[in-house]
Amino acid sequence: MTLSWKLVIDSANAPALADFWAAALEYEVEDPDALIGQLLAAGHIGEEAVTEHRGRRTFRGYAAIRHPEDPFDETSGVGRGRRLLFQDVPEAKTGKNRLHIDVHSEPGGLDALVARLEGLGATRVREVDKGPAGHWWVMRDPEGNEFCAA
């Protein structure tokens, strides 16, 4: 039996970083509004656990994105497939990532991909050209997390 998983990424501003990665990967930001309403009504959480981002209620310090074609729970909005969860942490990023995401373009589309990612707030770090073995850009998301555009 295969196991379910999600990639959790520490952040300084989970909703903003989720917005960046949703746009970068063409994923959907999860909408936990219905679940938040149920938890508030049942007294399981208080208003201090909730904030608003782009006109929607969300859990303070958390945001998630999911692949638009994967199944999700309609009650909670939580994805049941390819999913990234962003969680706010008090400490700043201090070193190089030990795990990173590679974003792939269509064949011949690397320049357009890099330009689109820069338009979303990413920055170029360095270009790597290994000839037939590959050509990519090391980049940083708006919070400085490294990833590759290939």
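Is alanine 12 buried or exposed, and at what relative accessibility? Alanine 12 counts as exposed, at 62% relative accessibility; here buried means under 20% relative accessible area, exposed over 50%, and partly exposed in between, using a 1.4 Å probe and protein chains only. Before the views, a word on the model: it is predicted, local features need pLDDT of at least 70, side-chain atom pairs count only at pLDDT 80 or more, and totals for chains, interfaces and linings use all residues. Residues are numbered from 1 along each chain as its sequence is written, and side-chain values use heavy atoms, with hydrogens and water left out.

**View 1. The chain as a whole has 3 helices and 10 strands.** Helices (H or I, at least four residues) and strands (E, at least two) are DSSP runs, numbered from the N terminus. Starting at the N terminus, the order is β-α-β-α-β-β-β-β-β-α-β-β-β. Along the principal axes, the C-alpha atoms fill a box of roughly 60 × 35 × 30 Å. Of the 150 residues, 35% count as buried. Take the contacts (heavy atoms within 4.5 Å) between residues at least 6 apart in sequence: 57% of them join residues at least 24 apart.

**View 2. Alanine 12 sits in the loop between β1 (7-11) and α1 (14-25).** Leaving aside residues up to four places away in sequence, alanine 12 touches Asp88 and Glu143. Valine 114 is 102 residues from alanine 12 in sequence, and the two are 24 Å apart in space, C-alpha to C-alpha.

**View 3. Phe20, Trp21 and Phe147 make up one aromatic cluster.** The whole structure holds 3 aromatic pairs. The rings of phenylalanine 20 and tryptophan 21 are edge-to-face, because their centres are 5.1 Å apart and their planes stand at 85°. For the cut-offs, rings of Phe, Tyr and Trp (its six-membered ring) pair if their centres lie within 6.5 Å; planes under 30 degrees apart count as stacked, over 60 as edge-to-face and the rest as tilted. Phenylalanine 20 and tryptophan 21 are both buried.

**View 4. Two arginines sit over aromatic rings, starting with arginine 66 over phenylalanine 72 and then arginine 124 over tryptophan 137.** The charged end of arginine 66 is 3.8 Å from the ring centre of phenylalanine 72. Arginine 124 lies over the face of tryptophan 137, at 4.7 Å from the ring centre. To count, NZ of Lys or CZ of Arg must be within 6 Å of the ring centre and within 35 degrees of the ring normal.

**View 5. Threonine 58 belongs to strand β4 (residues 56-59).** Why does threonine 58 count as buried? Because its relative accessibility is 10%. Not counting residues up to four places away in sequence, threonine 58 touches Pro32, Ile36, Ala49, Val50, Thr51 and His53.

View 6. Most residues other than glycine have a negative phi. At 59% relative accessibility, glutamate 26 counts as exposed.
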